Amino acid sequence: MTSSIEITSPRDPALVPFDRLVEILLAAFAFQDDIVDPPSSAKSVNIAELQWRFARDTLFLAHDSAGRVIGQVWVEDVGKDAYLYKLSVDPSIQGGGIGKALVEAACAHAESAGKENMRLHVRVELTGNIAFFKSRGFEIAGEGVHDGYDRTTFWKMARPLRLAKTA
């Protein structure tokens, strides 16, 4: 599947189908509704939020052979590291390598910007997502707790982007 997709990183907001991005996010995160606690913040995403994020962060889009947007991932600059979030692929075509291609494009971008690590958060209940990110070179680097909870609710994961220089 990945051979028939194109990954882009638009710079002009007029070229971004924000309504389609909201549609993909809501559909891709819907399976979590009865799994994660607290509920995912993706449930409340809207066009205005994504437009705000676009002005701040870097967006990568996956397009199918007809040019239709079928996936997205966002990258935030967080100092020496980058933070990957809102990875989502149209559920009707998941499993074909689109998520992997988006993650790799995001990591390559962060590495070329001189970032040391790509970081992300994943809910403890989402074992499939944890396995996916481990398959992409991420490891659990810590734990996190949402406000109002007394247990670990998410894992902090990280992937080194630059090899340590040797003498």
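Mentor: Strand 4 and strand 5 run parallel and are joined by two bridges. Strands here are DSSP E runs of at least two residues, and helices are H or I runs of at least four, numbered from the N terminus. Two strands pair if DSSP finds at least two bridges between them.

Trainee: What should I know about the model before going on?

Mentor: This is a predicted model: local features need pLDDT of at least 70, side-chain atom pairs count only at pLDDT 80 or more, and totals for chains, interfaces and linings use all residues. Residues are numbered from 1 along each chain as its sequence is written, and side-chain values use heavy atoms, with hydrogens and water left out.

Trainee: Okay. In strand 5, which residue is the bridge partner of Tyr83?

Mentor: Arg119 is the bridge partner of Tyr83.

Trainee: And how many bridges join strand 5 to strand 7?

Mentor: Seven. Strand 5 (residues 117-123) and strand 7 (residues 154-160) run antiparallel. Met118 is paired with Arg159 of strand 7. Strand 7 is also joined to strand 6 (residues 139-144), by five bridges, and that pair is antiparallel. There, Gly142 has Lys156 as its bridge partner.

Trainee: Is strand 5 mostly covered or mostly open?

Mentor: Mostly covered. Five of its seven residues are buried. Buried means under 20% relative accessible area, exposed means over 50%, and partly exposed is in between (1.4 Å probe, protein chains only).

Trainee: Pick one residue from it. What does Val122 contact?

Mentor: Val122 lies in strand 5. Leaving aside neighbours within four places in sequence, Val122 is in contact with Asn129, Ile130, Phe154, Trp155 and Met157. Contact means heavy atoms within 4.5 Å. Val122 counts as buried because its relative accessibility is 5%.

Trainee: Back to strand 4. Is Ser88 buried or exposed?

Mentor: Buried, because its relative accessibility is 2%. Ser88 sits in strand 4 (residues 81-89). Beyond four places in sequence, Ser88 touches Ile24, Leu25, Ala28, Phe29, Ile70, Gly71, Gln72 and Leu102.

Trainee: What about the phi of Lys86?

Mentor: Positive, about 55°, although Lys86 is not a glycine. Most residues other than glycine have a negative phi, and most peptide bonds are trans. Lys86 is in strand 4 too. With a relative accessible area of 11%, Lys86 is buried.

Trainee: You mentioned peptide bonds. Where is there a cis one?

Mentor: Between Asp37 and Pro38, with omega about 5°. Pro38 lies in the loop between helix 1 and helix 2.

Trainee: New topic: helix 3. How many residues, and what's its reach?

Mentor: Helix 3 (residues 98-112) has 15 residues and reaches 21 Å from its first C-alpha to its last, close to the 21 Å expected at 1.5 Å a residue. That expected span is 1.5 Å times one less than the number of residues. Gly114 follows helix 3, with a positive phi near 85°.

Trainee: Which residues of helix 3 are buried?

Mentor: Ile98, Gly99, Leu102, Val103, Ala105, Ala106, Cys107 and Ala110.

Trainee: And the largest nonpolar core: which members touch the most others?

Mentor: Leu102, Met118, Phe133 and Phe138, out of 27 residues. Helix 3 gives the most to this core, with seven residues. A nonpolar core is a set of buried Ala, Val, Leu, Ile, Met, Phe, Trp, Tyr and Cys residues joined through side-chain atoms within 4.5 Å.

Trainee: Who are the neighbours Phe138 touches?

Mentor: Not counting residues up to four places away in sequence, Phe138 touches Val103, Cys107, Met118, Leu120, Phe133, Met157, Ala158 and Arg159.

Trainee: One more from helix 4. How exposed is Gly128?

Mentor: Partly exposed, because its relative accessible area is 47%. Gly128 is found in helix 4. Its C-alpha is 14 Å from that of Phe154, 26 residues apart along the chain.
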